[in-house]
Amino acid sequence: MSLPNVTREYRSQCDGYQNLRLQSGSLSKPKATEVTIKIHAVSLQYRDLMVSKGKYSGVKSNVIPCSDGAGEIVAIGQDVKGWTVGDRVCPNFALDHVHGDVTEDIKNTGLGGQIDGVLREYINIPVHSLVRIPEHLSYEEASTLPCAALTAYNALLGPVPLKGGDYVLILGTGGVSMFGAQIAIASGATVIVTSSSDEKLQVAKKLGVQHVINYKKNDKWDEEVLKITRGRGVDHVIEVGGPNTMPKSINAARHAGWIHIIGFVSGGNNGIPVGSAIMKALTFRGILIGSVKQFEDMNRLITAREIRPVVDKIFPFEQAIEAYSYLESQKHVGKVVIKVA
């Protein structure tokens, strides 16, 4: 197919998602080691809200938002090998995070923040950043993988991977949380999920989650976790709440357990209780998405177990602002997706 010279794209001045502008932009041919991707779907995450409100550091001016997209290759640079037109792919969250630990330079290649993102019809991506989409997933499902899925995978199957029989505590029912539950179940763990909504907890149970706790009905949810684990505590915590939930997450974890710090949606400004952390010999690990290598490893697990992402609602491209609003409402379970094509 012939590439258009003009593409539609959203731009943000970081003055609120209500002010996102859909406009025309130029599309250049891919460089020698790049491919052009026709974006079919984009999924939203909490970072996108922060970027839109000017609450995320290092964002370029007039940025094209969003980091998580899926599409097909429609053009290839002259030096590209191993990829063909028609391949279904996702770009990695940070384009230069190919393997190993994250660095400051790698952070500066984060889509939809430090560099222009994927909320547009076409994008040129360096070939080293590409990951193939599992065959059983749609573009809408695949668009949820680059951040939410990979963050959960990096947490649970990182330096000390969970093992069959481990207990995993998942806070909430958002994108990372639902992927965390699915990955933990697929790996043979016993999963405990908390939420303020019985309806959302029913969705978690349909995924195979063994234990659910409504923290609005039981504000001593950490003690309930200890009862479930017969006083031992959980091996891993997916901690998306932040300072306000951290003390109870610490109480719910076993001695020498792992707390994976991913978000701060519950707010608060207190630090980690150092005394409790020391006395329980806990390991706290901040998770900043993951590498292309981890993405490929994760997709093998997703394929082997035929994991399907939880997609709550799909919005058309022209209703991106409404999609942001729905994400902010926290009514969703799993992921909110924008269909581009």
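Helices (H or I, at least four residues) and strands (E, at least two) are DSSP runs, numbered from the N terminus. The model is predicted, so local features need pLDDT of at least 70 and side-chain atom pairs count only at pLDDT 80 or more, while totals for chains, interfaces and linings use all residues. Residues are numbered from 1 along each chain as its sequence is written, and side-chain values use heavy atoms, with hydrogens and water left out.

**Exercise 1. Helix H5**

Work out how far H5 reaches, how many of its residues are buried, and what follows it.

Step 1: start with the length. The expected span of a helix is 1.5 Å times one less than its number of residues.

Step 2: go through burial (buried means under 20% relative accessible area, exposed over 50%, partly exposed in between, with a 1.4 Å probe and protein chains only). Eleven of the twelve residues are buried, so H5 is largely enclosed by the rest of the structure. Among them are Gly175, Met178, Phe179 and Ile183.

Step 3: look just past the end. Gly188 has a positive phi there, about 90 degrees.

**Exercise 2. Helix H10**

Which elements do the buried residues of H10 pack against?

Step 1: check the span. H10 (residues 292–305) has 14 residues and should span 20 Å; its end C-alpha atoms are 20 Å apart, so the two agree.

Step 2: pick out the buried residues, including Val292, Phe295, Met298 and Ile302.

Step 3: find their partners by contact (heavy atoms within 4.5 Å). The buried residues pack against strand S5 (88–91), strand S7 (130–132), helix H4 (145–156) and helix H5 (175–186).

Step 4: step off the helix. Glu306 follows H10 and has a positive phi, near 50 degrees.

**Exercise 3. Aromatic pairs**

Is the pair of Tyr17 and Tyr324 stacked or edge-to-face?

Step 1: set the rule. Rings of Phe, Tyr and Trp (its six-membered ring) pair if their centres lie within 6.5 Å; planes under 30 degrees apart count as stacked, over 60 as edge-to-face and the rest as tilted. By this rule there are three aromatic pairs.

Step 2: apply it. The ring centres of Tyr17 and Tyr324 are 5.7 Å apart and the planes are at 25 degrees, so this pair is stacked. Tyr17 sits in the loop between strand S1 (6–11) and strand S2 (21–26), and Tyr324 in helix H11 (residues 320–329), so the pair ties together parts 307 residues apart in sequence. Both Tyr17 and Tyr324 are buried.

Step 3: Phe315 and Tyr326 come out tilted, at 5.9 Å centre to centre with 50 degrees between the planes. Phe315 belongs to strand S14 (residues 311–316) and Tyr326 to helix H11, so parts eleven residues apart in sequence are tied together.

**Exercise 4. Core and domains**

Which residues touch the most other members of the largest nonpolar core?

Step 1: define the core as a set of buried Ala, Val, Leu, Ile, Met, Phe, Trp, Tyr and Cys residues joined through side-chain atoms within 4.5 Å.

Step 2: read off the answer. Of its 64 residues, Leu145, Leu169, Val193 and Met298 touch the most other members. H4 gives the most to this core, with nine residues.

Step 3: bring in the domains (bounds from an automatic or database domain assignment). The core draws at least three residues from each of domain 1 (6–146 + 309–339) and domain 2 (150–286). The C-alpha centres of domain 1 and domain 2 lie 28 Å apart.
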